[in-house]
Amino acid sequence: MVFTGAGISAESGIKTFRDSGGQWDEYDLNNVATPEAWERNPILVLDFYNARRKQVMKAKPNSAHKALVELEQKFNVQIITQNVDDLHERAGSKNVLHLHGEIMKAQSTADPSLVHTLQNSSLLHGDKCKNGSQLRPHIVWFGELVPNMELAYLLVENADILIVTGTSLNVYPAAGLLEYAPKKSAKYIIDPNDVSLVIEEGFTYIKKNAGNGLPELCQKLLNEK
Ligand code: APR
């Protein structure tokens, strides 16, 4: 089980949220990432995600994303990501569960189960679903329920090995997932900055960028198996 956050895509050129110079330094999340923001100013919200989508389309999977694909040679790898980019999928990972949505998709404002994949970077005011309702980004905004949470708990409860990388563990309920890890599972966290919370909870802390630390850890696990 691999739990990833914005830091795994940092070396692909996608900004994290809470590091200095991160996305929430530049934008007030209340203006672009809440249902209220959408009510107030949908064009601003669409512009924000259109710019993010453009960045994601330019970005390429890095050595960390690729290492997780290699790990599938010998392990049943399940990725749970808070990221809305598609870099795990483009690297070739088979099992990816997105907790906070997917930026390359749009959903109907009238029926969230009506989801479709975007072919280009722009989602515009006036773009409608097949039933005639405005489309919005397929993103779980602050204040919204996380539909994949129950499934994520189940997956974590069954993990033999847990790897966490690139997340500051600030956003709940996603950050609470780690409490569901079996006591006997091997636990690793890879982050260049201190994530003190989990070090206390039996994690082996690898203080490195995902781009170096994850390929090294994956190689070690493959060699041991
Ligand atoms: N390799 C690994 N980790 C890194 C790297 C790197 N190269 N660069 C930075 N990091 C770490 C930071 O030290 C930090 O712990 O990645 C983490 C990024 O944290 P956040 O910016 O808070 O991102 P994340 O935890 O994914 O945010 C959770 O918040 O705004 C929402 O919905 C958004 O999914 C996102 C959620």
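**Questions on the fold and selected residues**

Reply: S121 has a relative accessibility of 16% and so counts as buried, where buried means under 20% relative accessible area, exposed over 50% and partly exposed in between, using a 1.4 Å probe and protein chains only. This is a predicted model, in which local features need pLDDT of at least 70 and side-chain atom pairs count only at pLDDT 80 or more, while totals for chains, interfaces and linings use all residues. Residues are numbered from 1 along each chain as its sequence is written, and side-chain values use heavy atoms, with hydrogens and water left out.

Me: Which residues is S121 in contact with, leaving aside its neighbours within four places in sequence?

Reply: S121 sits in the loop between β5 (115–117) and β6; helices (H or I, at least four residues) and strands (E, at least two) are DSSP runs numbered from the N terminus. Contact means heavy atoms within 4.5 Å. With neighbours within four places set aside, the contacts of S121 are N50, R53, K54 and M57.

Me: Which residues of α5 are buried?

Reply: Helix α5 covers residues 42–58 and has 17 residues. Its buried residues pack against α2 (23–26), α3 (29–32), α4 (35–40), α7 (87–91), β4 (101–108) and β6 (135–139). The buried residues of α5 are P42, V45, L46, F48, Y49, N50, R52, R53 and V56.

Me: How far does α5 reach from its first C-alpha to its last?

Reply: The expected span of a helix is 1.5 Å times one less than its number of residues. For the 17 residues of α5, the expected value is 24 Å. The reach from first C-alpha to last is close to that, at 24 Å.

Me: How far apart are the end C-alpha atoms of α10?

Reply: Helix α10 (residues 210–224) has 15 residues, so at 1.5 Å a residue it should span 21 Å. The distance between its end C-alpha atoms agrees with this, at 20 Å.

Me: Which elements do the buried residues of α10 pack against?

Reply: The buried residues of α10 are A210, G211, G213, L214, L217, C218, L221 and L222. The elements they pack against are α1 (7–10), α6 (63–71), β7 (161–165), β8 (186–190) and β9 (204–206).

Me: What is the radius of gyration of the chain?

Reply: The chain has ten helices and nine strands. The globule rule gives 17 Å for 225 residues, and the chain comes close to that, so it is as compact as a globular protein of that length. The radius is taken over C-alpha atoms, and the rule is 2.2 Å times the number of residues to the power 0.38. The radius of gyration of the chain is 18 Å.

Me: What share of the contacts with a separation of 6 or more comes from residues 24 or more positions apart?

Reply: Of the 225 residues of the chain, 51% count as buried. Among contacts with a separation of 6 or more, the share from residues 24 or more positions apart is 62%.

Me: Is A37 buried or exposed?

Reply: A37 is found in helix α4. Leaving aside neighbours within four places in sequence, its contacts are N30, N31, V32, P42 and V45. A37 and W141 are 104 residues apart in sequence, with their C-alpha atoms 9.7 Å apart in space. At 1% relative accessibility, A37 counts as buried.

Me: What is the relative accessible area of L169?

Reply: L169 is placed in the loop between β7 and β8. Although L169 is not a glycine, it has a positive phi of about 55°. L169 is buried, with a relative accessible area of 7%.

Me: Which residues does V195 touch, not counting those up to four places away in sequence?

Reply: V195 lies in the loop between β8 and α9 (196–199). At 8% relative accessibility, V195 counts as buried. Beyond four places in sequence, V195 touches T167, L169, I189 and Y205.

Me: Which residues does N62 touch, not counting those up to four places away in sequence?

Reply: The place of N62 is in the loop between α5 and α6. N62 counts as buried at 8% relative accessibility. Beyond four places in sequence, N62 touches I8, S9, E11 and S12.
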